[in-house]
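Take a look at the fold below. Follow the chain with your eye before you read on.

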Amino acid sequence: MSKLTKYILLVVVCLIVPAFFVWDFLPSLLPSFQNDYPRLHEVIHRLTAIYMTIVTTWLIINFANSFRRLGEHHALPHQQYMNSFISVLKIILSFIAVIIVIAIILDKDPSTLIAGLGAASAILMLAFQDTIKGLVAGIRLTSNNMLTVGDRITVPAAGIDGLVEEIMLTTVKVRNFDNTIQTISPQALVDGTFQNWKGMKENQGRKVMRKLYIDFRSIVKDEEGVVNLTRYRQHMEQWLGKHPQVLKESIIMVHQLDATPTGLPVEFVFWLNMQDLLPYEHAISEIMEFAYAEANAYGLRIYQQFPVQ
């Protein structure tokens, strides 16, 4: 628990003590006060009760927030799960505090007011429908380990591409790579589609799938009867296997796909041992540029459609 949190809790506790003092000791210190000034006594009595209710609620809410701050630097699923429940707890406590304050003002039993809210339950459900949906969606995200603080996510529909900074009851805050902040509801993430790059981070690499198209007329056999495209594919697989930036533990494959009117597609499948976008794209460009140039050494031509003269 941080020093600031301890200070806040101590201040709130100190605010409660005078209220309890007035509540318990004022009648005994001034025994004739209640009889001589009944209305003033009643006003002080109710104001003290309201004050105690508000400050006690404030204390409980700050105490609950301290649990959230304990794990704010950890992206653990159970921490996000607890944050959602803490947010709900704060709403419930605030609602109960409001009911108690109204009951004190009207001199009614709080349970009577709560029971009377049964008829207004439909209105309350409508008022808190976004909160309820956000809670359910947040629980689904965290309990299934779909999203944690620190994950990089991409949400094409919302133009989001960045790191998750905070997961709240009704919002998920994301810092994009241009340092802009965007928020999106958990419900939108659950109902829509988003990409989480956590798996790439855990595997310490990024997958590459690129294609080049070979002109059919350049695919021939040599004197020994071996097709030049076969030799080229085998050579490129061996070359990729020795490349310092290609993961040796992952699949390395150069294979052909179904023929197309624009040539025979040859697909390169491998993993690079990097995650940052700029080095990743540069490495792919260098590898594919070599692949294009090396095709000429095997008598292969890259398909290129020339305009009709």
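Which residue in strand 5 is the bridge partner of threonine 154? It is glutamine 195. Before going further, note that this is a predicted model, in which local features need pLDDT of at least 70, side-chain atom pairs count only at pLDDT 80 or more, and totals for chains, interfaces and linings use all residues. Residues are numbered from 1 along each chain as its sequence is written, and side-chain values use heavy atoms, with hydrogens and water left out.

Start with the sheet. Strands of a sheet pair through backbone hydrogen bonds, either parallel or antiparallel. Here, 5 strands form an open sheet in the order 4-3-2-1-5, and the pairing is antiparallel. Strand 4 and strand 5 (195-196) are at the edges. Each has a single partner strand, so one side of each lacks a neighbour in the sheet. Strand 1 (residues 152-155) and strand 5 run antiparallel and are joined by 2 bridges. Two strands pair if DSSP finds at least two bridges between them. Strands (E, at least two residues) and helices (H or I, at least four) are DSSP runs, numbered from the N terminus.

Now find the loop between strand 3 (172-176) and strand 4 (181-184), where asparagine 179 sits. Most residues other than glycine have a negative phi. Asparagine 179 has a positive one, near 70 degrees. Its relative accessible area is 54%, so asparagine 179 is exposed. The cut-offs are over 50% for exposed, under 20% for buried and in between for partly exposed (1.4 Å probe, protein chains only).

Next, the rings. Rings of Phe, Tyr and Trp (its six-membered ring) pair if their centres lie within 6.5 Å; planes under 30 degrees apart count as stacked, over 60 as edge-to-face and the rest as tilted. The count is 2 aromatic pairs. Tyrosine 232 and tyrosine 298 have ring centres 5.9 Å apart and planes at 65 degrees, so this pair is edge-to-face. Tyrosine 232 lies in helix 10 (residues 228-242) and tyrosine 298 in the segment after helix 11 (277-297), so the pair ties together parts 66 residues apart in sequence. Tyrosine 232 is buried, at 0% relative accessibility. Tyrosine 298 is partly exposed, at 23%.

Tryptophan 239 and phenylalanine 290 form a stacked pair, 4.2 Å centre to centre with 15 degrees between the planes. Tryptophan 239 is in helix 10 and phenylalanine 290 in helix 11, so this pair links parts 51 residues apart in sequence.
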